[in-house]
Amino acid sequence: MTTRTSSHLVGLIGTGVGPSLTPAMHMAEGRAQGLDYVYRPIDLAALDIAPDRIGEVLGWARALGFDAVNVTHPCKQIVLRHLDRIDPVAQQLGAVNTVLFTDDGTVGHNTDTTGFAHGFTEGLPDADLDTVVLIGAGGAGTAVADALLRLGCRHLTVVDLDVDRASSLARELTQRHPAAQVDASSFDKLSVLLPDSDGVVHATPTGMAEHPGVAFDPALLHPDLWVADIVYRPLDTEMLQAAHAAGCRTLDGGRMAVHQAVDAFALITGISPDADRMSRHFRQTVENRAR
Ligand SMILES: NC(=O)C1=CN([C@@H]2O[C@H](COP(=O)(O)OP(=O)(O)OC[C@H]3O[C@@H](n4cnc5c(N)ncnc54)[C@H](O)[C@@H]3O)[C@@H](O)[C@H]2O)C=CC1
Ligand SMILES: O=C1C[C@@](O)(C(=O)O)C[C@@H](O)[C@@H]1O
């Protein structure tokens, strides 16, 4: 990896990105590294630009001198057809959240999936991955599922309120990771699945400040289960509190949020950022905003 320029202009393109914590996290790390690093949210909704115009928006960003952009909801899939090259991991997943504007064209990566994987190995080292349940088959759940399977998960069960969505994700994952066993199940089967699982990852919006609660019966948690949440507002979700009380090893959603930014920063600058410093910045900002 080589640094392409001494200054960096980066954007976050999506709808409702104004309150995102990612721009400040990148800029604080840029400052700490002595870089001239500017990162701005570009809210398509506020600009009244339809998400399917993402190709044009990328062209404008490039022409206006941006070096890279993160791309988020609802453009992570539709952006693929507007790129010159796509990193194999992002290609396999069918979703891109980081686009680099290089001399050789636009290049897409997915740091949601690499970020979850890095956060997982850092936060739950040596966690058993034989049998894992994933609750939530949306965009973030898909990035998590691919990460778990790349990390060596042997049997993954996908659960979602939308059973068709869980089934179609399980089918796609089976095609992408033929060595693993991937299936779909329903919420009422969790009482059978969780007692025999090594871990569970929660990837629905339940537990966010605006959607309080736990997506499943917390009485199913047991001390032999590791429990990961990807919700990070708040960091200490009701599910993680119940998991602590049940004696489980836990991983909060801040790890994925920080490591998607760590991996993107490295791709954009060619410099390995200080992940601990970025994590401290992120956690402080989450706490400040909660006050
Ligand atoms: N830590 C991180 O870096 C990130 C965290 N997130 C978190 O992940 C959550 C999900 O994000 P996306 O996948 O983008 O959303 P999404 O809307 O694409 O998918 C959510 C999925 O959860 C399912 N669902 C909703 N309520 C449910 C419930 N009570 N029980 C079971 N399934 C339910 C839906 O049917 C849907 O399939 C976000 O709300 C956010 O809190 C999202 C992106 C990054
Ligand atoms: O989906 C997300 C979350 C994000 O949009 C944010 O606002 O922090 C930043 C994106 O890079 C990432 O892919």
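This is a predicted model: local features need pLDDT of at least 70, side-chain atom pairs count only at pLDDT 80 or more; totals for chains, interfaces and linings use all residues.

Visitor: OK, helices first. How do the axes of H4 and H5 cross?
Guide: Helix H4 covers residues 111-123 and helix H5 covers residues 139-150. Their axes come within 8 Å and cross at roughly 55°. H4 and H5 are therefore oblique to each other. H4 passes H5 in a right-handed crossing.

Visitor: Which residues make that contact?
Guide: From H4 come Asp112, Thr113, Thr114, Phe116, Ala117 and Phe120. From H5 come Ala143, Val144, Asp146, Ala147, Leu148 and Arg150.

Visitor: How do the residues of the contact of H4 with H5 divide?
Guide: There are 7 nonpolar, 2 polar and 3 charged residues in the contact of H4 with H5.

Visitor: And H9? At what angle do H4 and H9 cross?
Guide: Roughly 120°, with the axes coming within 7 Å. Helix H9 spans residues 254-269. H4 and H9 are therefore oblique to each other. The crossing of H4 past H9 is right-handed.

Visitor: Which residues make the contact there?
Guide: H4 uses Thr111, Asp112, Thr114, Gly115, Phe116, His118, Gly119, Glu122 and Gly123. H9 uses Arg255, Met256, His259, Gln260, Asp263, Ala264 and Leu267. The residues of this contact divide into 4 nonpolar, 8 polar and 4 charged.

Visitor: Let's go inside. How many residues are in the largest nonpolar core?
Guide: The largest nonpolar core has 30 residues. Phe116, Phe120, Leu148, Leu156, Val201 and Trp226 touch the most other members.

Visitor: Which elements each supply at least two residues of this core?
Guide: H4, strand E7 (131-135), H5, strand E8 (155-159), helix H6 (163-176) and strand E11 (226-229) each do. H5 gives the largest share of this core, 5 residues.

Visitor: You keep saying Phe116. What is Phe116 in contact with?
Guide: Leaving aside neighbours within four places in sequence, Phe116 is in contact with Val144, Ala147, Leu148, Val201, Ile230, Leu251 and Met256.

Visitor: New topic. Phe282, buried or exposed?
Guide: Phe282 counts as buried, because its relative accessibility is 2% and buried means under 20%. Phe282 sits in helix H10, residues 275-290.

Visitor: What does Phe282 touch?
Guide: Not counting residues up to four places away in sequence, Phe282 touches Leu21, Met25, Tyr232, Leu235, Gly254, Ala257 and Val258.

Visitor: How about Glu29, buried or exposed?
Guide: Glu29 is buried, with a relative accessible area of 1%. Glu29 lies in helix H1, residues 22-32.

Visitor: And what does Glu29 touch?
Guide: Phe265, Pro273, Asp274, Arg277 and Met278. That list for Glu29 does not count residues up to four places away in sequence.

Visitor: Now the backbone. Which residues does a cis peptide bond join?
Guide: One cis peptide bond joins His73 and Pro74, with omega about 5°. Pro74 is in the loop between strand E3 (68-71) and strand E4 (85-86). Another joins Arg233 and Pro234, with omega about 10°. Pro234 is in the loop between E11 and helix H8 (238-245).

Visitor: Why point those out?
Guide: Because most peptide bonds are trans.

Visitor: What about phi? What is the value for Asp48?
Guide: Asp48 has a positive phi of about 55°, although it is not a glycine. Most residues other than glycine have a negative phi.

Visitor: Where does Asp48 lie?
Guide: Asp48 lies in the loop between strand E2 (36-43) and helix H2 (54-63). At 70% relative accessibility, Asp48 counts as exposed.

Visitor: And what is phi of Asp126?
Guide: Phi of Asp126 is near 65°, again a positive value in a residue other than glycine. Asp126 lies in the loop between H4 and E7.

Visitor: Is Asp126 buried or exposed?
Guide: Asp126 is exposed, with a relative accessible area of 78%.

Conventions: Residues are numbered from 1 along each chain as its sequence is written. Chains are lettered from A and ligands numbered from 1 in the order in which they are written. Side-chain values use heavy atoms; hydrogens and water are left out. Axes are lines fitted to C-alpha atoms, for helices over the stretch in contact, and angles run from 0 to 180 degrees between N-to-C directions. Helices (H or I, at least four residues) and strands (E, at least two) are DSSP runs, numbered from the N terminus. Angles under 35 degrees count as roughly parallel, over 145 as roughly antiparallel, 65 to 115 as roughly perpendicular and the rest as oblique. A crossing is left-handed if the near helix is turned anticlockwise from the far one by less than a right angle, and right-handed if clockwise. Contact means heavy atoms within 4.5 Å. Ala, Val, Leu, Ile, Met, Phe, Trp, Tyr, Cys and Pro count as nonpolar, Asp, Glu, Lys and Arg as charged, and the others, Gly among them, as polar. A nonpolar core is a set of buried Ala, Val, Leu, Ile, Met, Phe, Trp, Tyr and Cys residues joined through side-chain atoms within 4.5 Å. Buried means under 20% relative accessible area, exposed over 50%, partly exposed in between (1.4 Å probe, protein chains only).
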